[in-house]
Each structure stands twice: as structure tokens, then as C-alpha cells.
Amino acid sequence: MASMPLSVPPTPTKILVIDDEPALRQVLEIAFRRQGIEVVAAPGVRAAMEALQQNPQPFPLVITDLVMPDGSGIEVLTAAKQRSAATEVIVMTAHSSVENALDAMKKGAYDFVGKPFSPAEVIALAQKALEKSSILLENQRLRAQISRLEPAENDIFASPAMGRVAEIVGKIAPTRTTVLITGESGTGKERVARALHDRSDRAGKPFLVVNCGALPEALMESELFGHEKGAFTGAGTRALGLFREADGGTVLLDEVGELPASLQVKLLRVLQERKVRPVGAAAEIPVDVRVLAATNRDVESDVRENKFRQDLYYRLNVIRIELPPLRDRPGDVARLAERFVRRFANELGKDVRGLTTDALRALDAYKFPGNVRELENMMERAVALASGPAIGLGDLPAQVSGLSASPAPFLSELPPEGCVLEDVLGEVERRLILQALERSGGVRKAAAKLLGVTFRSLRYRLAKHGLDTDTADDDDDADGSIVPAQPTAGGRRESSPREARR
Ligand SMILES: Nc1ncnc2c1ncn2[C@@H]1O[C@H](COP(=O)(O)OP(=O)(O)OP(=O)(O)O)[C@@H](O)[C@H]1O
């Protein structure tokens, strides 16, 4: 693994001062610089709006005149608060416009100062506003930390293999380091990216995901970097693009291996310079975005075959998180399955509380080519189908349970196209028999009793559904040691799902 820069150098406090009088701007600039506070000075509303948009971090404090030739300080106040609720705004006003100042207070200004004022007065007020802003920021950070304790987050890292992933996530989440997350489809790459974002001080900011292979090259460029009005046919309005929309937050470039070559160069520039150039724009615009990338491709071989730029690969691969496939995460399948069952039971309003041992064993033996996503979908279906308090073998798909595929769907309502009644009833019978066998621990006499049929009748029905055991097993009925057979779709018996699949 590459070395990881774990700390970000502290940046000096930077505030925005807006006034159309150059002398006043200069006085404040000098006074604040003496306090170690950097000032971005703007002569009017338009310049202020640009500064608010383009500064990589939101300003903790904005000091603005109220009445300016090109607009009102209230517009600046609204835009600043929209960018970050932690930005405090002080308005400067002539005595004649105190009413306006009170209006600004109602709209969220921290305080106002009447002109003329002494720089010391403004600085004293600014210090208090900056303190409040830093408390608000700290609150945002704490809220992000609390959200990390939510169970949905914790369960990502249940198995030992994922414990190692958790350790890396914990270490690098608070940094700005670029991370490449690799793993088969459905292993949880996006979830890990989300955890990195949620555990950083960017948590209150956007987390945006783009699938790099989803759009044609020209559209993808504008999707990522934005465009100016009229930059190309159809560009009726200006678009910020993903990087600027996520300003202050995190961008996940999903399927980064699919990014067209021309855009790979542009992405490299974003990573190196932290600037984007929208399509049709003359100048580059600074952005403050943490870049995470994910792929299920073998990027190293793409680099060797010159399909992926080596320099970009190095930039993205500063830290690498490799997610193991679900089949290599012992313990996770059961834990995740139980968790999904509880979740879907809740969502679907069903009284299903867990899985039978047989069902868990079958899940454990299955290879899950679609990883966690496949397990999640499987559990949703199983909960929807389940008629008892636990998910049994019969509720799992045939490829997992080893039981023959259903000849007919389970129906509770007649579909518009009609149905074959015999088949539907047969399916209901098959499921009830499997459940009875499960509940009776495989003892057929007890299962027959549960179903209100004779042993002979049950044996006939087992044979009909291809669920019969060897005749030799019949002798064992009395001591209850028979395990339901696991026939294949063709009715052949297999020893057990685990053996059959390993
Ligand atoms: N540890 C986990 N706990 C709960 N749900 C999970 C976990 N890991 C993944 N999932 C769920 O599995 C599904 C797939 O996860 P995700 O989209 O993160 O995978 P991915 O690797 O990004 O997939 P792809 O490569 O196809 O984009 C999601 O619905 C996600 O919520």
C-alpha cells in the first residue's frame, strides 16, 4: 500500500468583506490582517457572489455593506447562508438604513454595525461571530460522528476481513486522501465510499456519485466539469458539473476504469491542481472536493494495456481498499442475512424473525456471485414469500436451497391471464410440506401429523414433488433422523447444499 498523508495543514481563517467604498475595504483588510485573518475583498454584490461560489471552503464570516450600486447586501446574506449554515454575516449600514439592518437580522445576520465605525469595533464583533461559526462547524462535525454509530454503518465491518477494511476506513476517513476502492460488483464499494465521507468533516456536505461509463464522452465531460451557456448545441443554461456541485464534499467516481481517455487527462488535472475548466469556459475554477474512485475492473491490467493512464492510476491509488467477495467473508453471510430479514420484515410488515439453521447452512455454502447485493435481494424475496416466523430452505431460490425450481408461482389472486390451478395448488402443497419437514426436524411421521395427512399420503406427495428420500430412510422414521432430500431440478438427490457446491 502506498504511504498515506494523514494530516492536512491548517489554513488561516479567511473572511469576505464587501463594500463599494475602496477606502473602507482597505481599512478593514489591514485591520483584519493584523489579527492574522485573511480578507477577500469584493467591491459589490456580483463580485461577492462569485467569491462565495468560487472559494473552495465556505467563508466562516462575511461582512457586507447593505446598499450597493449593483444590489443589496441581503442577496449576499442569503447566498452565503445557502452555501453554509455555519457562515455568519455582519452587515454594515448607514444610520438612515437601520430598518434594513433589522430586516437583515431577521433573515439570519449575526449583527450589524452603523457607519461610521472604528475598525476595533468591527473586529470585536467579528471575533464573536467567528467563534459562533466555529461552534456551528464543530456541531456539524459531531453530528457526522454520531451518524457513524448508527447500526446500518456498523454492520459493514462484521467479519475479520472487513475488520481490516474498517481499520483503514477509520484512519483515512478524516483526511483528504484520494482512495481507490476495488472489489467485485455488489461487495459494498459505494457503501465504503459513503462511510469515508460520513466519517470526515465533509459529512455535512454533498456526497455525489457518478458512473463513469454511463454517458457518452461529450455528455460525461459536462456532467463532471460543467459547461457555460451556449458551450454546445443544447447547452441552453450554464451547468456547474459534479465537481462544483459537490464543493466542500466528496465525489465518488464509480467504474472509473470506464472513463474515456480524454477525460482521464482532465480528471488528472483536477486531482493535481484542484481546478476544473467547464466546457466552453476560458478560465479554470478552483474546487475543494475529495475524490474517491471505485472499480470492479482489473485497473492494473488496463494500465499495462494502455487503456488507463498510469499517472492517473497513481494519483487515484494513493490508498487502496480492496473489498473481499462475500464468499471470502466467513460469518458475514449469516449476520447480513439476519439483518436484511429484520429490515425487510419491518418494511413489508411481516412477522418474520430470522432464518432456520438449514437455510443459514445453505446460504453459507452458496458462492454469491452477486455478493451482498444478491444476498440482499434474496432476503427481500424470501421475506415476501415466507409464511412462517423463520425463513426456511423452501423460501430460498432453487440454486441456493438445492431444491427443485418451482413449477408454478405462488398465487394468492387470479392473474388477468388466468392460471393452471393444479400447478398453483401443487406449489402451495410443496412449500407446506417443506415447512412441515423443517419444523419436524425431518421426521416424516411428525410432518404428516402437522399437515393433517397420513404417513402414506405424505410419502406419495413427497415422491410427486421429487422430495422423497431413499426407501431405506423409511426405517429411520421412528427415530426422527431423516433430513429432507435435496434433489436437483432434475429430481436427482445431492448430499447437501454445502457439499454439492464446494
Ligand atoms: N456491509 C453491508 N451491510 C449492509 N448492506 C450492504 C453491505 N455491503 C453492501 N450492502 C448493500 O449491498 C448493495 C450493493 O452495495 P454497493 O452498491 O455498495 O456495492 P458496489 O460494490 O458499489 O456495487 P457495484 O460494483 O455493482 O456498483 C447495496 O444495496 C448495499 O446497501
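Predicted model: local features only at pLDDT ≥ 70, side-chain atom pairs only at ≥ 80, totals over all residues.
1. Two strands are taken to pair here if DSSP finds at least two bridges between them, and helices (H or I, at least four residues) and strands (E, at least two) are DSSP runs numbered from the N terminus.

2. Residues are numbered from 1 along each chain as its sequence is written.

3. Strand S8 (residues 179-182) is covered on both faces, with Val-179 and Ile-181 on one side and Leu-180 and Thr-182 on the other, all of them buried; a residue is called buried if 20 or more other C-beta atoms, placed from the backbone, lie within 10 Å of its own, exposed if 12 or fewer, and partly exposed in between. In a regular strand the side chains alternate between the two faces of the sheet. S8 also pairs with strand S13 (residues 290-295), in the parallel sense and over four bridges, and there Val-179 stands opposite Leu-292.

4. An open sheet of five strands, with parallel pairing, has the order S2-S1-S3-S6-S7. Its edge strands are S2 and strand S7 (111-115), each of which pairs on one side only, and neighbouring strands of the sheet are turned by 20° against each other on average, direction ignored. Angles run from 0 to 180 degrees between N-to-C directions, and axes are lines fitted to C-alpha atoms, for helices over the stretch in contact.

5. Within this sheet, strand S1 (residues 14-18) and strand S2 (residues 38-42) run parallel and are joined by five bridges. The chain passes from S1 through helix H1 (residues 22-34) to S2 in a β-α-β crossover that is right-handed, meaning that, with the strands pointing away from the viewer, the path from the first strand over the helix to the second runs clockwise. Val-17 has Ala-41 in S2 as its bridge partner, and Ile-18 stands opposite Ala-42 in S2. H1 packs on the sheet, touching S1, S2 and S3, and its direction makes about 170° with that of S2.

6. Helix H4 (residues 98-106) lies across strand S6 (88-94) and S7, and runs at about 170° to S6.

7. Asp-65 is listed by UniProt, in an unreviewed entry, for "modified residue: 4-aspartylphosphate"; UniProt positions are given in the numbering used here, feature names are shortened, and annotations may be inferred rather than shown by experiment. In the model Asp-65 lies in strand S3 (residues 61-65) and is buried, because 26 other C-beta atoms are within 10 Å. Leaving aside neighbours within four places in sequence, Asp-65 is in contact (C-beta atoms, placed from the backbone, within 7 Å) with Ile-18, Asp-19, Asp-20, Gly-73 and Met-92.

8. Val-265, found in helix H11 (residues 261-273), is exposed, because 12 other C-beta atoms lie within 10 Å. The C-alpha atoms of Val-265 and Asp-311 are separated by 9.2 Å, although these residues are 46 residues apart along the chain.

9. Helix H19 (residues 444-451) and helix H20 (residues 455-464) pack at an angle of about 100°, with their axes 9 Å apart. H19 is therefore roughly perpendicular to H20, where angles under 35 degrees count as roughly parallel, over 145 as roughly antiparallel, 65 to 115 as roughly perpendicular and the rest as oblique. Arg-444, Lys-445, Ala-447, Ala-448 and Leu-451 in H19 meet Phe-455, Ser-457 and Leu-458 in H20.

Key
Contact = placed C-beta atoms within 7 Å.
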